[in-house]
Amino acid sequence: MSMMRKVKIVVLVILAVMILLFLYNRIFFQKNKPDLLQAEEYGSFTPDDVESFDGKFAAKQEVEKLGDVNYVRVYIYDIESGGLAGDFFAERARDSWGICWEKDNYNIWIQSADAGIYCYRYEDGTWTRDQYARRPEYIVSRWEAKEASKE
């Protein structure tokens with residue numbers, strides 16, 4: 001058997017073992033990793049791009065460095081024109097659990113591991129943090145979703 005053929009066989013065996021280890025890990029240990037959130041564990045919130053209730057705006061979340069810390073910056077685009085309608089820094093990236101729109105206006109809610117849930121209210125074409133906003137009942141936090149799944 002040639003040396004090249006032996007090397008190919010070894011590489012294929014290593015690759016097969018790596019795939020098997022990956023699958024084994026995904027199947028048997030996924031449930032023991034609480035920091036890896038599944039989509040349904042975000043409640044009403046999402047770490048993905050999301051459109052407003054009427055499709056007028058799209059909010060896109062990007063991680064940007066501010067000093068020595070990574071933050072989530074939310075960019076809001078007007079879908080029809082494609083232009084930037086607004087932006088704001090939401091949370092430290094490691095604490096961010098996503099955003100959601102209200103279902104009848106352009107207020108955006110932020111869900112954070114350390115800061116909780118808070119609102120960026122839309123007024124006069126801009127989004128401004130409103131620490132006194134009352135969260136609508138239909139917006140469900142990660143914690144509420146987890147609690148409801150136990151019932």
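## A tour of the rings

Start by selecting Arg129 and Tyr118: Arg129 lies over the face of Tyr118, 3.6 Å from the ring centre. A charge counts as sitting over a ring if NZ of Lys or CZ of Arg is within 6 Å of the ring centre and within 35 degrees of the ring normal. You are looking at a predicted model, where local features need pLDDT of at least 70, side-chain atom pairs count only at pLDDT 80 or more, and totals for chains, interfaces and linings use all residues. Residues are numbered from 1 along each chain as its sequence is written, and side-chain values use heavy atoms, leaving out hydrogens and water.

Next, select Arg142 and Trp97. The charged end of Arg142 sits over the Trp97 ring, 4.4 Å from its centre.

Now for the ring pairs: the structure holds 13 aromatic pairs. Select Tyr75 and Tyr77, whose ring centres are 6.4 Å apart with planes at 25 degrees, so this pair is stacked. Rings of Phe, Tyr and Trp (its six-membered ring) pair if their centres lie within 6.5 Å; planes under 30 degrees apart count as stacked, over 60 as edge-to-face and the rest as tilted. Tyr75 is buried, at 13% relative accessibility, while Tyr77 is partly exposed at 24%. Buried means under 20% relative accessible area, exposed over 50%, and partly exposed in between (1.4 Å probe, protein chains only).

Finish by selecting Phe53, Phe57, Trp101, Tyr106, Tyr122 and Trp127, which form one aromatic cluster.
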